[in-house]
Amino acid sequence: MSTPHHQIHIQNTPDNRLNLGGVMDSRQVRRHHNAEYNKHHAKESITTRVSKLICAVFLGILFIVGLVMFILWLGLRPHRPRFHIHEFSIPSLGLADTNGFSTAQVTLNLTARNPNIEIGIYYNTMNLTLYYKDQTIAETPLLSPFYQSPKNTAIIYGTLSGPTLKIDKARWMQFLAARKRGEVSFKLDVASSIRFKVKTWGSRRHKMHANCEIRVGLNGMLLPSDKGKRCPVYFS
């Protein structure tokens with residue numbers, strides 16, 4: 001006996017057709033939205049990449065310009081002149097003569113070096129002051145105004161005697177007392193007004209001082225340890 005087959009008929013009602021239409025519309029909306037999003041995202045990505053590229057180029061140019069300026073600054077930055085003491089002597093002090101102050105004479109020899117490669121230095125009148133225990137014992141002009149070219153050394157030689165030296169018997173006895181202890185200390189100050197020059201450009205004037213702490217021994221000559229000594233230079 002055959003089993004009857006039941007057939008189930010599905011009929012699309014108006015509500016079902018509505019639901020299917022809504023699903024289709026929803027999918028179309030999503031597709032449209034996704035397409036718009038992808039399009040916007042692509043535009044945003046290109047814009048971002050272009051912006052990053054422009055920033056990278058700008059920063060690169062800025063770095064190169066900064067590096068060039070730094071190198072130029074290193075090359076054109078003025079360096080102070082360098083002073084060295086090579087000779088300083090008071091011959092009569094070596095004789096230990098109590099009346100040696102009447103014939104006292106100071107001989108000195110310094111060098112002024114311009115260490116700059118491209119920068120020259122204009123010196124105004126150069127003046128020398130000699131101190132003993134912070135008391136001035138000599139003061140005199142050394143050089144007239146002059147120009148020192150780059151990488152050049154000027155020799156400063158001078159002899160101080162007679163009225164230039166302010167040494168009396170009491171001061172001379174102080175020298176002799178210090179000599180007995182092995183050395184007599186002096187301070188030498190070289191002062192000038194200088195101006196740096198690069199081709200047609202010139203700097204403002206600077207008041208320059210070179211201070212040399214020097215010592216003479218029993219023979220009245222500069223101690224070997226002080227020969228070639230570099231004198232600190234400062235501006236005021």
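This report covers the aromatic ring pairs and the charges over rings in a predicted model.

Residues are numbered from 1 along each chain as its sequence is written. In this predicted model, local features need pLDDT of at least 70, side-chain atom pairs count only at pLDDT 80 or more, totals for chains, interfaces and linings use all residues, and side-chain values use heavy atoms, with hydrogens and water left out.

**Ring pairs**

Rings of Phe, Tyr and Trp (its six-membered ring) pair if their centres lie within 6.5 Å; planes under 30 degrees apart count as stacked, over 60 as edge-to-face and the rest as tilted. The count comes to seven aromatic pairs. Two of them involve F186.

| Pair | Centre distance | Plane angle | Class |
|---|---|---|---|
| F88 and F186 | 5.7 Å | 45 degrees | tilted |
| F175 and F186 | 5.3 Å | 75 degrees | edge-to-face |

F88 lies in strand β1 (residues 82–89) and F186 in strand β8 (residues 184–198), so their pair ties together parts 98 residues apart in sequence. F175 belongs to helix α2 (residues 169–180), 11 residues from F186. Helices (H or I, at least four residues) and strands (E, at least two) are DSSP runs, numbered from the N terminus.

One aromatic cluster takes in F88, Y132, W172, F175 and F186.

**Charges over rings**

A charge sits over a ring if NZ of Lys or CZ of Arg is within 6 Å of the ring centre and within 35 degrees of the ring normal. R80 lies over the face of F235, 4.8 Å from the ring centre. K187 has its charged end over the ring of Y131, at 5.0 Å from the centre.
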